Amino acid sequence: MEVSCTDPSSFAGGESVIAFNYRTKAQMRVLRVSQSKLILVPADSELFHIQAAGSQIYDDMYRDEDKVFTSYKLNTYGTLIDDFKTMAVRFTNVSRLGFGFEVNDFSVKMNHVFDTMIMCDEATIHPKLIVRYAHIQEKTIRYGAEIHSISEKDLSKLRYYLVTQQFLAK
């Protein structure tokens, strides 16, 4: 939801607000603040569950195969950087469990921390990812990687990118 206001600087990203329309009220969170408007998303949005992994939490999630989490489709490119080797990859989705990406390279190390660069329109984000899953497909290899660390600024950029991609898809 995009809201115009006279003093958006009094709001902070992630802050909870209540939005009213003619009949209902909704608990929302501020996603982005600009000079004249706010971008709000529902407070219970899966977007706010995307964050760096806590190892104990994710060990429990991987064991319970019945849990389903919202996944956001991506079709963007980036790089995995390991020492002096840089691999170009296509990022296909993101969820609270991490990123999915595809690459035609068997040399991606499992359970290894990679520096990454992911293009989000005009911006780039730089999370550290740990590759946890590999699946060989017909023409490529699909990997799953949890987010080891990500800055608050990059997390905000990622959430905004995901929301704008959803608007463009509709």
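What follows is a tutorial chat about reading the features of one predicted protein model.

Me: Let's start simple. How many helices and strands does the protein chain have, and in what pattern do they come along the sequence?

Reply: There are 2 helices and 11 strands in the protein chain. Going along the sequence, the pattern is β-β-β-β-α-β-β-β-β-β-β-β-α. Keep in mind that this is a predicted model.

Me: What share of the residues counts as buried, and what makes up the accessible surface?

Reply: Of the 170 residues, 39% count as buried. The accessible surface of the chain is about 10,600 Å², and carbon and sulfur atoms hold 51% of that. As for contacts with a separation of 6 or more, 48% of them are between residues 24 or more positions apart.

Me: How should I read a nonpolar core, and which residues touch the most other members here?

Reply: The general idea first: in soluble globular proteins, nonpolar side chains tend to be buried together. In this model, the largest nonpolar core has 33 residues, and the ones touching the most other members are Ile50, Phe91, Val94, Phe99, Phe101, Val108 and Leu162. Elements that each supply at least two residues of this core include β4 (37-42), β5 (72-82), β6 (85-95), β7 (98-103) and α2 (152-169). The largest share, 5 residues, comes from α2.

Me: Let me zoom in on one member. Which residues is Val108 in contact with, leaving aside its neighbours within four places in sequence?

Reply: Val108 is in contact with Leu80, Met87, Val103, Phe114, Val131 and Tyr143. There's also a second, separate core of 6 residues, with Ala19, Val30, Leu38 and Leu40 among them.

Me: On to strand pairing. In which sense do β2 and β3 run, and how many bridges join them?

Reply: Strands β2 (residues 16-20) and β3 (residues 25-33) run antiparallel, and 5 bridges join them.

Me: Now charges. How do I read a salt bridge, and how many are counted here?

Reply: In general, side chains of opposite charge can pair when their charged atoms come close. In this model the count comes to 6 salt bridges. One of them links Lys109 and Asp82, with the closest N and O atoms 3.0 Å apart. Lys109 sits in the loop between β7 and β8 and Asp82 in strand β5, so the pair ties together parts 27 residues apart in sequence. Lys109 is partly exposed, at 37% relative accessibility, while Asp82 is buried, at 12%.

Me: What about Arg132 and Glu146: what is their N to O distance, and where do they lie?

Reply: Their side chains meet in a salt bridge at 3.3 Å, N to O. Arg132 lies in strand β10 and Glu146 in strand β11, so this pair ties together parts 14 residues apart in sequence. Arg132 counts as partly exposed at 37% relative accessibility, and Glu146 is buried at 6%.

Me: How far apart in helix α2 are Asp154 and Lys157?

Reply: They're 3 residues apart, which means about one helical turn separates them. Their side chains meet in a salt bridge of 3.9 Å, N to O. Asp154 is buried, with a relative accessible area of 9%, and Lys157 is partly exposed at 24%.

Me: Which side chain of opposite charge is nearest to Arg159?

Reply: That's Glu152, 5.0 Å away. A salt bridge needs the nitrogen and oxygen within 4 Å, and Arg159 has none, though Arg159 is buried. Arg159 lies in helix α2. Not counting residues up to four places away in sequence, Arg159 touches Leu31, Leu47, Phe48 and Ile50.

Me: Last one: backbone angles. What is the phi of Asp83, and is Asp83 buried or exposed?

Reply: Most residues other than glycine have a negative phi. Phi of Asp83 is near 55°, a positive value. Asp83 lies in the loop between β5 and β6 and is exposed, with a relative accessible area of 66%. Asp121 also has a positive phi, near 55°, and its place is in the loop between β8 and β9 (123-125).

Conventions. Residues numbered from 1 in each chain as written. Predicted model: local features only at pLDDT ≥ 70, side-chain atom pairs only at ≥ 80, totals over all residues. Heavy atoms only, no water. Helix = DSSP H or I, 4+ residues; strand = E, 2+ residues; numbered from the N terminus. Buried < 20%, exposed > 50% of the residue type's maximum accessible area, 1.4 Å probe, protein only. Contact = heavy atoms within 4.5 Å. Areas by Shrake-Rupley, 256 points an atom, 1.4 Å probe, with all protein chains shown as cover. Core = buried A, V, L, I, M, F, W, Y, C linked by side-chain atoms within 4.5 Å. Pairing = 2+ DSSP bridges. Lys, Arg positive; Asp, Glu negative; His and termini not counted.
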